[in-house]
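Here is a short briefing to read alongside the sequence and the model. Have both open and follow along topic by topic.

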Amino acid sequence: MTAPCPGPCNNAWRNAEAGGDHDLTPTWGQPIHCTRCTLRAQAQLAEFPELVAAISLEALNGTAPKTTGTIGRAAAPSWPGQAARILTDHIVDGLLGLEDAIRAGRHLPSRTVRGREGSDLTAAVTFLRAHLPWALERFPGETDPATGATMDPADLIRRWHSAGQRFTRQHPRLEHHRVPCPRCELLTLYRADGEDYIECRNPNCQTLITPGEYADHTKELAAATHT
Ligand SMILES: [Zn+2]
Ligand SMILES: [Zn+2]
């Protein structure tokens, strides 16, 4: 017997079900998750090594904590990169825990502990990609008796993945444009991921220029050095 896919594809249908009469049709599982939700979980799994690396970059380059804040103001990380560290632990521990749960469920030998985050993560992702089809049929809907948390691997993967994405979007990587700012003449021009303008990060300047203006500016500088 097929049941509706437990994934986000059925959010609208579940809301409608809770509200009573409606004429929505759910997406059926094959056998539990639909094909789209299965493919999404696989794709998200494959992205974790890169996503965790992006989070770690933030830990290394994190902005210094503000020294002007009021004592007792909550939620300010106490050292640069602490938020990145906590999130990295959350995601990596989660993936390793999922690997352990699947190994136990399939009576496989326990995980080789490498003790190095990068290689543990890569090995976990490789293992999980191979065993995800089994896990998606085995775990959906079960809750962890210890924590009451859901054990649907697709759901767990989606949560970890979106937490990582939210974090890296809030802390976009900056591309340094190594040409002096047209206004303050400092080497402080940066372009953030996905932004359509280049910004001077000198707090006293903060000029915004478009890529076209940047190109003209670069040409002018080049011309100036050749005359
Ligand atoms: Zn689905
Ligand atoms: Zn400037």
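Helix H1, residues 11–19, is hardly covered in this predicted model: of its 9 residues, the count that are buried is 0. Glycine 20 follows H1 and has a positive phi, near 110 degrees.

**The sheet**

- Four strands, in the order E1-E2-E3-E4, make up an open sheet with antiparallel pairing.
- The edges are taken by strand E1 (174–177) and strand E4 (208–209). Each of these has a single partner strand, so one side of each is left without a neighbour in the sheet.
- E1 and strand E2 (residues 189–192) run antiparallel and are joined by 4 bridges.

**Cysteine 200**

- You will find cysteine 200 in strand E3, which covers residues 198–200.
- Is cysteine 200 buried or exposed? Cysteine 200 is buried, because 23 other C-beta atoms lie within 10 Å and the cut-off for a buried residue is 20 or more.
- Tyrosine 190 is 10 residues from cysteine 200 along the chain, and the C-alpha atoms of the two are separated by 6.3 Å.

Methods:
Residues are numbered from 1 along each chain as its sequence is written. Chains are lettered from A and ligands numbered from 1 in the order in which they are written. This is a predicted model: local features need pLDDT of at least 70, side-chain atom pairs count only at pLDDT 80 or more; totals for chains, interfaces and linings use all residues. Helices (H or I, at least four residues) and strands (E, at least two) are DSSP runs, numbered from the N terminus. A residue is buried if 20 or more other C-beta atoms lie within 10 Å of its own, exposed if 12 or fewer, and partly exposed in between; C-beta atoms are placed from the backbone. Two strands pair if DSSP finds at least two bridges between them.
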